[in-house]
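Colleague: I should like to learn how to read the features of a model in order. May we take them one at a time?

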Amino acid sequence: MTRAAFVSLIVLTLATPAAADVTIKQSTTGKGLGMSGTTSGTTYIKGAKMRTDMVTGDTTRSTIFDLDAQKMYSFDSKKKEADVYDLGALQADMAKSMDASAMKASITPNGQTKTIGGKSAAGYDMAISVPTTMGGNADMAMTVNLTGPLWIVNGAPGSADWANFYKQAASKGFIFGDPRAVKGSPGQAKAMVEMYRKMAELGGIAYETETSVKMDGSGPMAGLMAKMGGVTMNTSVTDVSAGALADDLFAVPAGYKLKERK
């Protein structure tokens, strides 16, 4: 999995979709699998659509998700073309590599509080594990584990709509992330969505999330991933605001060529 694809997966997942017009700014710092550094992103939400702009150097990478149409559109600020993905087909492929019934997930309060951006945030500890294989091959079996603390701000703008969207998205099996990263690590993608489904039940928005991702198991792929080490991702929300957003913000720019991808 490339650094860009992995960071895209995390940032897009941590970008919080909602059923109202909401703008969220966040920064993500990642370490592991040969990546390091900080990526900034802005997420725009309008109804069942979400757009995330992720800045890397002098390039802005944009991704639009349409929950109702089960489509993802990906393009950047330099090329005049957009990749289009059928996420319904991606979900079907993922089902071959995971046993969702064996997934375990919990987010429990740890009794801690701290102030983030002038708001009081409650601390929680998360623990999520998802058994997965690559391509349905039993010899490529492993378990993806996500652990770490997160800090929830209750009453943040868009909290109720954020929760409603993620509950709906999870019930449909919707996956947020770069399809290349999702195909390479379907268990991780599913674990991230489950984390936010659990978080949605808390009634607030995570202003800080410290995520440790590790793979274990007895197969050769698990052994290889263990040697490569785990991944840590720290995401901080710097601003959340509510306000009307234009419809064309959630459409591919005029003049861009659409390219169907699998």
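This is a predicted model: local features need pLDDT of at least 70, side-chain atom pairs count only at pLDDT 80 or more; totals for chains, interfaces and linings use all residues.

Colleague: How is a pair of aromatic rings described, in general?

Modeller: The description of two aromatic rings rests on the distance of their centres and the angle of their planes. In this structure the count comes to one aromatic pair. The ring centres of Phe 75 and Tyr 256 are 5.7 Å apart and the planes stand at 70 degrees, so the pair is edge-to-face; the cut-off for that class is over 60 degrees.

Colleague: Which parts of the chain does the pair tie together?

Modeller: Phe 75 belongs to strand E5 (residues 71-76), while Tyr 256 sits in the loop between strand E11 (231-242) and strand E12 (257-261), so the pair links parts that are 181 residues apart in sequence. Both Phe 75 and Tyr 256 are buried.

Colleague: How many Å should helix H3 span, and how far apart are its end C-alpha atoms?

Modeller: The reasoning takes 1.5 Å a residue, so the 13 residues of H3 (residues 159-171) should span 18 Å; the end C-alpha atoms are 19 Å apart, which agrees.

Colleague: Which residues of H3 are buried?

Modeller: Ser 159, Trp 162, Ala 163, Phe 165, Tyr 166, Ala 169 and Ala 170 are buried in H3. These residues cover an arc of only 165 degrees around the axis, which means that they lie on the same side of H3. Ala 160 and Ser 171, on the other side of H3, are exposed.

Colleague: How many bridges join strand E1 to E11?

Modeller: E1 (residues 22-31) and E11 run antiparallel and are joined by ten bridges. Within this pairing, Thr 29 stands opposite Asn 234 in E11. E1 also runs antiparallel to strand E2 (residues 38-46), with eight bridges between them. There, Gln 26 has Gly 41 in E2 as its bridge partner.

Colleague: What tends to happen to nonpolar side chains in soluble globular proteins?

Modeller: In such proteins, nonpolar side chains tend to be buried together. Here the largest nonpolar core has 41 residues, and Ile 107, Leu 150, Trp 162, Met 195, Met 199 and Tyr 207 touch the most other members. Strand E9 (residues 137-154) supplies the largest share of this core, seven residues. Beyond residues up to four places away in sequence, Ile 107 has contacts that include Tyr 124, Leu 150, Met 195 and Met 199.

Colleague: Is Ala 206 buried or exposed?

Modeller: Its relative accessibility is the value to read, with buried meaning under 20%. Ala 206, in strand E10 (residues 204-216), has 6% relative accessibility and therefore counts as buried. Ala 206 and Trp 151 are 55 residues apart in sequence, yet their C-alpha atoms are 5.4 Å apart in space. Leaving aside residues up to four places away in sequence, Ala 206 touches Trp 151, Ile 152, Met 199 and Val 237.

Colleague: Where is Ser 129 found?

Modeller: Ser 129 is in strand E8 (residues 119-134) and is buried, with a relative accessible area of 17%.

Colleague: What is the phi of Gln 70?

Modeller: Phi of Gln 70 is near 60 degrees, a positive value in a residue other than glycine. Gln 70 is placed in the loop between strand E4 (59-66) and E5, and at 15% relative accessibility Gln 70 counts as buried.

Note on methods: Residues are numbered from 1 along each chain as its sequence is written. Side-chain values use heavy atoms; hydrogens and water are left out. Rings of Phe, Tyr and Trp (its six-membered ring) pair if their centres lie within 6.5 Å; planes under 30 degrees apart count as stacked, over 60 as edge-to-face and the rest as tilted. Helices (H or I, at least four residues) and strands (E, at least two) are DSSP runs, numbered from the N terminus. Buried means under 20% relative accessible area, exposed over 50%, partly exposed in between (1.4 Å probe, protein chains only). The expected span of a helix is 1.5 Å times one less than its number of residues. The arc is that of the directions from the helix axis to the C-beta atoms. Contact means heavy atoms within 4.5 Å. Two strands pair if DSSP finds at least two bridges between them. A nonpolar core is a set of buried Ala, Val, Leu, Ile, Met, Phe, Trp, Tyr and Cys residues joined through side-chain atoms within 4.5 Å.
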